[in-house]
Amino acid sequence: MDARIIIEGPTRLFGEAEISRSKNAVLPEMAACLLTEEPITLKDIPDLLDVGTMTRILLGMGVQSQSSGGSLTLRAGELSSVKVPYEHAHRMRASVLLMGALLAREGRAELSLPGGCAIGTRPIDLHLKGFASMGAKIEQGEDFIIASGKLRGARVYLDIPSVGATENILLAATLSEGQTMIENAAREPEIIDLCELLRKMGADIRGAGTDMITITGVNRLHGATHRPIADRIEAATYMIAAAATGGDVFLKNANSAHLRSVINKLTACGAKVIDAPNGIRVRASSELSPIYIRTASYPGFPTDAQAQFMALCCLARGTSVITESIFENRFMHVSELRRMGANIRVEDRTAIIEGTQKLFGANVNATDLRAGAAMVIAALCAFGESVIHDPHHIYRGYELIGEKLTRLGAKIKMVE
Ligand code: UD1
């Protein structure tokens with residue numbers, strides 16, 4: 001029998017859950033270990049499929065890894081390979097983040113064309129354009145890309161404030177000769193966190209968190225220890241789940257400074273969001289109001305919380321409108337939500353959700369990571385049993401989701 005998650009609903013979530021460290025901060029920080037021969041220790045690393053995949057790719061390059069007490073120490077003494085093999089790259093798009101660090105360290109990076117969530121075509125042209133303007137030669141075949149050459153500082157303008165391209169160019173620029181300026185850089189908290197680690201390693205970076213980042217290359221970087229930020233998307237997911245199920249949940253470690261747009265929409269729905277020094281409490285209202293959302297780059301509403309919010313909108317009293325402006329194919333959860341009784345119409349990149357009083361348990365698919373999270377929220381609200389297939393997408397980004405939800409009162413069973 002296939003792996004699946006079985007949820008019996010409806011349940012109101014009550015109690016406390018601890019938010020893990022951010023997957024999207026950890027992955028580029030693991031790539032940063034390639035920039036030095038000295039050990040990099042990342043603390044409180046979440047036990048996630050994507051972290052395991054990144055570790056395996058690094059091991060394949062000759063990096064030594066050691067885990068103890070939740071910390072992961074990576075030591076890239078001497079590298080035996082500069083190739084990201086297909087069997088790993090096709091599973092995780094973030095493997096492309098290894099290119100910048102490999103180029104900086106070894107002057108060469110080989111990548112099998114990456115996979116990850118199937119949300120849109122997700123090209124990497126901006127990453128490659130950045131490397132090319134820093135002097136790299138790019139060779140591209142049908143299923144591989146090779147970047148090579150000695151990098152020097154350059155002015156790189158990003159047509160789109162791409163998170164991955166900003167991180168990749170940052171990683172590449174730390175050891176390049178001269179100064180690199182990334183214009184129209186992404187401003188996500190994960191980028192600030194990566195820069196914090198790089199600075200601890202001896203990098204010279206200014207402007208992280210703004211749309212202009214300046215990196216002055218240094219000759220060498222050294223070891224460092226870092227605890228990544230809490231996962232704002234995991235926090236958003238539990239916050240939305242609390243509001244959708246009519247619950248009252250405290251999310252330890254959640255950082256409200258990183259969640260302003262999500263908090264704003266939850267409040268507009270009627271939920272009470274209470275900020276505490278060590279986390280965020282979300283208390284649902286008796287009725288959910290419909291809302292309007294347009295996803296945008298940070299500090300706008302995160303595309304990674306769009307699917308989860310749509311699950312909530314299914315139960316609001318009235319018509320909600322959600323526009324996805326970052327990815328062109330990020331509505332795969334719509335057909336799955338419809339199986340549970342949702343009334344959603346899609347016009348181009350906009351979904352119009354007519355709220356209904358009830359959802360019903362059904363057999364659904366976790367078509368990608370965040371769509372899978374939306375299925376979990378909808379299943380918690382739905383009457384009867386829901387079976388979520390392809391749960392490995394969910395395990396890529398949600399640590400201990402079964403345990404955390406069980407503690408909050410959910411009737412959830414994970415079948416391997
Ligand atoms: C990162 C996050 C992902 C999140 C996304 C947007 C990680 C590991 N993943 O993904 O969870 O959904 O940011 O917040 O941090 N684009 C191009 N050319 C490029 C690069 C991107 O056209 O070379 C486009 C993409 O197709 C997309 C948009 O730019 O439409 C934003 O993508 P980007 O910010 O790069 O997302 P990722 O870094 O892949």
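Predicted model: local features only at pLDDT ≥ 70, side-chain atom pairs only at ≥ 80, totals over all residues.
1. Which polar backbone atom is 2.7 Å from an oxygen atom of the ligand? It belongs to V163.

2. A polar side-chain atom of S162 lies 2.6 Å from an oxygen atom of the ligand. From P123, a polar backbone atom is 3.3 Å from an oxygen atom of the ligand.

3. The shell around the ligand holds 18 residues, and D125, L126, S162, D304 and I326 are the closest. By class, this shell divides into 8 nonpolar, 5 polar and 5 charged residues.

4. As for elements, helix 5 (125-133) and helix 6 (163-173) are the ones that give two or more residues to the shell around the ligand. Helix 5 gives the most, with 3 residues.

5. The second largest pocket deserves a separate entry. Its volume is about 450 Å³. The lining of this pocket consists of 18 residues, with R12, A244, T245, G246 and S286 nearest its centre.

6. Helix 8 (232-245) and helix 12 (369-381) are the elements that give two or more residues to the lining of the second largest pocket. Helix 8 supplies the largest share of that lining, 3 residues. Sorted by class, the lining of the second largest pocket has 9 nonpolar, 6 polar and 3 charged residues.

How values were computed: Residues numbered from 1 in each chain as written. Heavy atoms only, no water. Near = heavy atom within 4 Å. Polar contact = N/O pair within 3.5 Å; in protein donor to acceptor, adjacent residues only side chain to side chain. Helix = DSSP H or I, 4+ residues; strand = E, 2+ residues; numbered from the N terminus. Nonpolar A, V, L, I, M, F, W, Y, C, P; charged D, E, K, R; others polar. 1 Å grid on protein atoms, 1.4 Å probe; cavity = no way out; pocket = protein on both sides within 12 Å on 5 of 7 lines; lining within 4 Å. Points joined across faces, edges and corners; volume = space filled by probe spheres on them.
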